[in-house]
Amino acid sequence: MEITLEKTDSLTASIKITLNQADYQDRIEKKIKEYARTAQIKGFRPGKVPAGMIRKMYGKSIKVSEVSATSTDALENYLKDNNIQILGGPMMSETTQNGNYDWENQTDFEFSYDIGLKPEITLSVGKNIVISKPAAEVTDAQIDETIENLRNMNANYQEQEEVADQPDVTVYGFIVTANGEAVKVPSYNNPDELRDLFTADAKGYGVVSIGQIGEHKSLFLGKKKNDTVTFDLRTLFPSDAQVSEFFGMGEDMVKNISGEFVMTIGNISVKQLPELNQELFDTIFGPGKVQSEEDFRQQLRNIKTREAEIAQKDQMLNQFQTQLLEAHNFDLPDSFMKRWLAANNPNLSEAQIAESYDGYRDTMRFEMLVSELANAKNIKVDMQDIVARLSDINFMQIVRMGYYNMVGMENMLAMRMLQDQENRQKVDDYFRLTLLHKVFDAYMDDITIQ
């Protein structure tokens with residue numbers, strides 16, 4: 001066996017492997033014996049098939065398999081033994097892929113593999129990395145806003161006979177165009193496909209908050225269920241955001257909707273906010289966990305403080321990533337990596353790979369930098385570190401959904417995520433995120449934080 005490496009440029013190389021019969025023959029004979037023990041061929045008892053029969057029937061396919069496996073094993077060992085750091089994975093050269101091998105008679109084989117080489121990185125991480133530290137203080141006004149949001153989330157809606165002049169009155173109803181003609185809107189499943197809406201056969205649905213339409217509320221005041229209201233859409237709701245909220249559709253779906261519409265009122269309700277009392281405390285945090293308004297505010301302050309600190313760290317990490325990339329402008333074997341991506345993502349076209357490659361390259365460069373920084377300070381990640389990071393992620397999701405009674409369960413949820421087989425496939429992603437946090441913590445004293 002002979003193995004040679006030839007650099008084709010500074011970041012790519014070709015590895016040529018030449019095999020003779022002695023390199024792979026033992027593997028072939030071993031495989032033939034395995035076939036003889038397990039093959040079931042008419043006329044022979046199990047385990048009694050002659051090796052010659054196996055050689056005649058399967059010899060060529062066994063030879064192809066074992067010669068290829070010998071070459072692959074030799075390549076992997078060569079890379080490992082010579083500590084050659086590669087990106088992506090080795091790829092057969094075009095000459096090998098198109099090789100016209102005579103598997104019946106040929107005994108010597110030559111295989112060639114292309115590899116992308118990992119560039120040498122000189123770290124430059126010090127006071128040149130300047131991070132702005134966002135504020136993470138929680139004000140009384142933020143606590144008041146949080147309480148108001150929680151009261152709104154837990155509001156009761158009482159049905160009304162008619163539309164009264166109150167800001168918390170909401171009117172629900174079916175919507176059609178005044179002229180009876182359909183409006184073309186994008187389909188939910190396929191935005192490029194249009195569908196008819198706002199006709200007698202395909203009514204829309206709208207929600208109007210009386211307190212948000214100003215002087216136009218006079219159109220609705222005194223109206224009852226099954227009454228109709230005619231209005232110009234863009235007079236009532238000038239912005240796409242308002243129209244989007246009215247129809248409950250995405251802003252991109254309502255951009256071209258305008259004109260005169262008719263609402264047939266289906267329901268009228270008034271929102272009643274809960275009092276700041278024990279019933280609300282129990283609803284938010286669970287029975288008996290909060291006993292007073294003072295305690296309620298303190299619990300919210302603790303939660304919002306942790307939320308702010310996690311958000312602060314995330315913003316600093318984003319700055320860290322940007323500045324690391326700016327401070328280390330090293331190249332990658334781009335042509336090789338595009339070819340490797342195409343081979344491993346057959347569903348992506350050449351144009352799609354070219355379009356997304358810059359982002360992929362920056363991600364790879366950043367992960368390489370984080371790995372180098374971790375090695376420089378011997379930073380390791382264990383399962384407890386990953387659980388702690390997942391705990392923060394779960395905490396943020398719990399809080400943003402308003403499930404405050406689940407605060408304290410984030411560690412248990414993290415353990416379940418890691419035990420679940422589907423989520424275990426994401427452990428590599430969790431590892432990379434955790435490593436980034438530990439690297440940033442380790443280098444905080446080296447960089448500039450202002």
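**Note on helix packing and selected residues in the predicted model**

1. Helix 9 (residues 293-327) and helix 11 cross at roughly 95°, and their axes come within 10 Å. The two helices are therefore roughly perpendicular to each other. On the side of helix 9, the contact is formed by Phe320, Gln321, Leu324 and Leu325, while helix 11 contributes Asp362, Arg365, Phe366, Leu369 and Leu373. By class, the residues of this contact divide into six nonpolar, one polar and two charged.

2. The mean pLDDT of the chain is 93, and 99% of the residues score at least 70. Confidence is highest in strand 11 (residues 228-232), at a mean of 97, and lowest in helix 14 (residues 421-424), at 69. Where pLDDT is low, predicted coordinates should not be read in detail.

3. Helix 11 also packs against helix 10. Helix 10 spans residues 334-344 and helix 11 spans residues 350-376; the angle between them is about 110°, with the axes 11 Å apart. This pair is therefore likewise described as roughly perpendicular, and helix 10 passes helix 11 in a right-handed crossing. From helix 10, the residues Asp334, Met337, Lys338, Trp340, Leu341 and Ala342 take part, meeting Ile353, Tyr357, Tyr360, Arg361 and Met364 of helix 11. This contact comprises eight nonpolar, no polar and three charged residues.

4. A further packed pair is formed by helix 12 and helix 13 (residues 410-419), whose axes come within 8 Å and cross at roughly 115°. The crossing of helix 12 past helix 13 is right-handed. Helix 12 supplies Met383, Ile386, Val387, Leu390, Ser391, Asn394, Phe395 and Ile398, and helix 13 supplies Glu410, Asn411, Leu413, Ala414, Met415, Met417 and Leu418. Eleven of the residues in the contact of helix 12 with helix 13 are nonpolar, three are polar and one is charged.

5. Leaving aside residues up to four places away in sequence, Ser391 touches Arg306, Glu410, Asn411 and Ala414.

6. Leu117 belongs to strand 4 (residues 109-117). With a relative accessible area of 12%, Leu117 is buried. Residues up to four places away in sequence being excluded, Leu117 touches Lys7, Ser10, Leu11, Thr12, Ala13, Ile84, Gln85, Ile86, Leu87 and Pro333. Leu117 and Gln352 are separated by 235 residues in sequence, and their C-alpha atoms are 24 Å apart in space.

7. Gly204 lies in strand 10 (residues 204-209). The relative accessible area of Gly204 is 7%, and the residue is therefore classed as buried. The contacts of Gly204, not counting residues up to four places away in sequence, are with Gly173, Phe174, Ile175, Leu197 and Phe198. From C-alpha to C-alpha, Gly204 and Asn302 are 43 Å apart in space, with a sequence separation of 98 residues.

8. The loop between strand 10 and strand 11 contains Gly214. Gly214 is partly exposed, with a relative accessible area of 42%. The C-alpha atoms of Gly214 and Leu236 are separated by 8.9 Å, the two residues being 22 residues apart along the chain.

9. Asn226 is also found in the loop between strand 10 and strand 11. At a relative accessible area of 57%, Asn226 is exposed.

10. Asn83 likewise has a positive phi, of about 50°, although it is not a glycine. This residue sits in the loop between helix 2 (51-81) and strand 3 (86-92). Asn83 counts as exposed, at 57% relative accessibility.

Note on methods. Residues are numbered from 1 along each chain as its sequence is written. This is a predicted model: local features need pLDDT of at least 70, side-chain atom pairs count only at pLDDT 80 or more; totals for chains, interfaces and linings use all residues. Side-chain values use heavy atoms; hydrogens and water are left out. Axes are lines fitted to C-alpha atoms, for helices over the stretch in contact, and angles run from 0 to 180 degrees between N-to-C directions. Helices (H or I, at least four residues) and strands (E, at least two) are DSSP runs, numbered from the N terminus. Angles under 35 degrees count as roughly parallel, over 145 as roughly antiparallel, 65 to 115 as roughly perpendicular and the rest as oblique. A crossing is left-handed if the near helix is turned anticlockwise from the far one by less than a right angle, and right-handed if clockwise. Contact means heavy atoms within 4.5 Å. Ala, Val, Leu, Ile, Met, Phe, Trp, Tyr, Cys and Pro count as nonpolar, Asp, Glu, Lys and Arg as charged, and the others, Gly among them, as polar. pLDDT is the predictor's confidence in each residue, from 0 to 100. Buried means under 20% relative accessible area, exposed over 50%, partly exposed in between (1.4 Å probe, protein chains only).
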